[in-house]
Amino acid sequence: MFDKILLAVDGSDHALHAARVAAEMARGMKPKEFRIVVSYDSIPVYLGEPNMQFAIDNRKKDAEEILDKAIKEVGSIPGEIHTEMIEGDPAAAIIEVANTRESNIIIMGSRGLGRLSGLLLGSTSQKVVAHAHCPVLVVR
Ligand SMILES: Nc1ncnc2c1ncn2[C@@H]1O[C@H](COP(=O)(O)OP(=O)(O)OP(=O)(O)O)[C@@H](O)[C@H]1O
Ligand SMILES: [Mg+2]
């Protein structure tokens, strides 16, 4: 049923927990596709060169590290692991990838790197649950 899994990660422990759950699901369901997405903040245009390029490179490097950590956490699953790095709002990025790749489940953490520790659900999870066109598994 869930043969195209999309896992969203932000470098938080919550997301790594979601990665372990997604991996278990993949081992059981042997999906056709397993994709991991991370989004990074947009760079303000007023930065100008060369700072602009420096900022972009830094954000991409951080995003790559987040993806690498997630891939390690997923471990061995049937089939290849695909990754995507997208600039901009995380919820919009997750939903866009899910739509274009026709994912049939999005797996994510309930919280992320945000500092408001009282929240039950972070704003990214809330937006994705509200606007995704496929089932969403919010892992607690
Ligand atoms: N930049 C991102 N790229 C990909 N996935 C993300 C990103 N940010 C959050 N997520 C996913 O959403 C989950 C919940 O994070 P969320 O951002 O909603 O919580 P938070 O950071 O605690 O709160 P907030 O961002 O509202 O302060 C994360 O565990 C992760 O799966
Ligand atoms: Mg967040």
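Modeller: Start with burial. A residue is buried if 20 or more other C-beta atoms lie within 10 Å of its own, exposed if 12 or fewer, and partly exposed in between, with C-beta atoms placed from the backbone. This is a predicted model: local features need pLDDT of at least 70, side-chain atom pairs count only at pLDDT 80 or more, and totals for chains, interfaces and linings use all residues. Residues are numbered from 1 along each chain as its sequence is written, while chains are lettered from A and ligands numbered from 1 in the order in which they are written.

Colleague: Why does G11 count as partly exposed?

Modeller: Because G11 has 17 C-beta neighbours inside 10 Å. G11 sits in the loop between β1 and α1; helices (H or I, at least four residues) and strands (E, at least two) are DSSP runs, numbered from the N terminus.

Colleague: Which residues does G11 touch, leaving out those up to four places away in sequence?

Modeller: Contact means C-beta atoms, placed from the backbone, within 7 Å. By that rule, G11 touches I66, K69 and L113.

Colleague: What about the largest nonpolar core?

Modeller: In soluble globular proteins, nonpolar side chains tend to be buried together. A nonpolar core is a set of buried Ala, Val, Leu, Ile, Met, Phe, Trp, Tyr and Cys residues joined through C-beta atoms within 7 Å. Here the largest has 32 residues, and A22 and I94 are among those with the most contacts inside it. Elements giving two or more residues to this core include β1 (4-8) and α2 (51-74). Beyond four places in sequence, A22 touches I5, L7, V74 and I107.

Terms used
Two residues are in contact if their C-beta atoms, placed from the backbone, lie within 7 Å.
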